[in-house]
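Work through the exercises below with the sequence and coordinates at hand. Each task is followed by a stepwise solution.

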Amino acid sequence: MKRLVLTEDGGPRSGREHSPAGGELTIGREASSLLRVEGDVGVSRRHALVRSEANAFWITDQGSANGTLINGRRVEEGGSRLQSGDLIELGSGGPRLRVRIVERAPAADAPEAAASAGRPARSLLVDRTLYDPSRHPVQPRNTPGVVVLMLMTGAAVAMGMLVALMAAFELGPGPSLVGVVVAFAPAPVYLALWLWLDRYDPEPGWALAGVLVWGAGAATFVSLVVNTVFGAVAHSLTGDKGLAQFLSASISAPLVEEAAKGLAVVLIFLVLRREFDGVLDGVVYAGVVALGFATVENVLYYGRSLAKGGVGTLLVVFVLRGILGPFSHAVFTSMTGIGCGLARQSHRAAVRALAPVGGYLGAVFLHFLWNTLAGVAGAWFLALYVVLWMPLFLAFFSVAVWMGFRESALIRRMLAPEVALGLLSQQHADIVASWPRRVRWLLSDMGRLKVRRRFLYAATRLAMSYWHAERAANAGGETISAGLIPVFRTEVARLEAEV
């Protein structure tokens, strides 16, 4: 089996090699080009196409403005066959690529062969440095950060126990038990929807459990204490209990609760950057911490409604909180998650600093709007819900679902060069990029379930690492994901033969 090697000839990246062995390789300025050239207006958006056919390699011009030349002659209309020593020019005097055809190395040896050659493990993009061992060492796991998260989870559990004791003391055993049952029974359904959004690149289970406990324990405890104190102070100043409750719901609750919930998202963003890839991950972490918070908060609401008004009042409150507004907290806190996700994806200092703050302010505003309208609307709340909140929630979930499909397309694009290099088969790449195919593939051979899950994880993380490295290179920045590329690449090569 032969392999085509294209070596840049001249320019600041002279000597860099590209190996589009197998399949097709698009060349041009277009962002989707596998071999992308930026900064040269003489190169067309879709300039040329290299393809493999019957163990030979051909290049065709894609209607470029300045043509494609082989050894100074324009490529023939039907394409020209490439031979070792040929010089490809993208337009007369444009970027040059030297052709070399060699015997193809086994796929499993690809990472080691690249490393021994002293060049990037995967260099398919002219304008991007994805991995250079001298600049991007392999990143170890952030053990101190994980320890911090474990300690905070322990503290959250302790505060959650305090909340449970406070609820039992206030409501009594009967209403407390009913509140727990009514609040926790639908919680797995709500959580399953959020986890489905994260289906392609699932976050670590222990991290999701940690933020869930944080929302249910620490965030609830801190908010309960601060909101109670705020309400008491407002009551003493105004002498009006109803007004004090309204001010607490409209001012204290948005500021304090979104800060308490958002802190977990920010900590994950800072400590687990290897796992936090972008906006979708921010939405997932925010949604999980908010669902933990809302579930425990609902225990109090349901228990109080049962104790004060009986089963009828409980049913009304359940409809309002459990059916009409089960994801309200999740949507609020997702604004903070989106801010952190934008910061993770950006290499601009201003965006990285201001996006989380802007996300928090957006969360506070939505929370304020929800609580305020609920406090003043009275009998008109249902009409406002249908006119204002339902479209907002539908728009939010539509965008979240779209981000999941976008992630699928991103994984497919990032893994396409690895298919061309032989690291991945096309069949396995298609499975990694399709959730239905993943499920069928995993269930088709339960004996290899564990190794197949590891393979899916490694291939997906490889794609996401390439994506971060691509964005960093385009922005002239750095990313810790670059150092993870050889780790996941080696893992994929090892597992490819086992799955």
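Contact means heavy atoms within 4.5 Å. The model is a predicted one, in which local features need pLDDT of at least 70 and side-chain atom pairs count only at pLDDT 80 or more, while totals for chains, interfaces and linings use all residues. Residues are numbered from 1 along each chain as its sequence is written, and side-chain values use heavy atoms, with hydrogens and water left out.

**Exercise 1. Describe the surroundings of Glu-407.**

Step 1. Locate the residue: Glu-407 is part of helix α10, residues 381–421. Helices (H or I, at least four residues) and strands (E, at least two) are DSSP runs, numbered from the N terminus.

Step 2. Classify its exposure. Buried means under 20% relative accessible area, exposed over 50%, and partly exposed in between (1.4 Å probe, protein chains only). Glu-407 has a relative accessible area of 6%, so it is buried.

Step 3. List the contacts. With neighbours within four places in sequence left aside, Glu-407 is in contact with Tyr-200, Asp-201, Leu-280 and Met-464.

Step 4. Take one C-alpha distance: Glu-407 and Ser-434, 27 residues apart along the chain, are separated by 10.0 Å.

**Exercise 2. Is Ser-252 buried or exposed, and which residues does Ser-252 touch?**

Step 1. Ser-252 sits in helix α6, which covers residues 241–271.

Step 2. Its relative accessibility is 3%, so Ser-252 counts as buried.

Step 3. Not counting residues up to four places away in sequence, Ser-252 touches Val-226, Asn-227, Phe-230, Leu-247 and Glu-257.

**Exercise 3. Characterise the largest pocket and the second largest pocket.**

Step 1. On a 1 Å grid over the protein atoms alone, a pocket is an open set of points with protein on both sides within 12 Å along at least five of seven lines, whereas a cavity is a set of points where a 1.4 Å probe fits but cannot get out; lining residues have an atom within 4 Å of a point. Grid points are joined across faces, edges and corners, and a volume is the space filled by probe spheres set on the points.

Step 2. The largest pocket holds about 1600 Å³. Its lining has 42 residues, of which Gln-245, Ala-249, Tyr-301, Arg-304 and Arg-321 lie nearest the centre. Helix α7 supplies the largest share of this lining, ten residues.

Step 3. The second largest pocket has a volume of about 700 Å³. It is lined by 23 residues, with Arg-199, Pro-202, Glu-203, Arg-453 and Tyr-457 nearest its centre. Elements giving two or more residues to this lining are α4 (187–197), α5, α12 (435–444) and α13 (449–474). The most, five residues, come from α13.

**Exercise 4. What is the strand order of the open sheet of six strands?**

Step 1. Two strands pair if DSSP finds at least two bridges between them.

Step 2. The order is β2-β1-β11-β10-β7-β8, with antiparallel pairing.

Step 3. Strands β2 (17–18) and β8 (73–74) are at the edges with a single partner strand each, so one side of each is left without a neighbour in the sheet.

Step 4. Within the sheet, β7 (residues 68–70) and β10 (residues 87–90) pair in the antiparallel sense over three bridges. Leu-69 stands opposite Glu-89 in β10.
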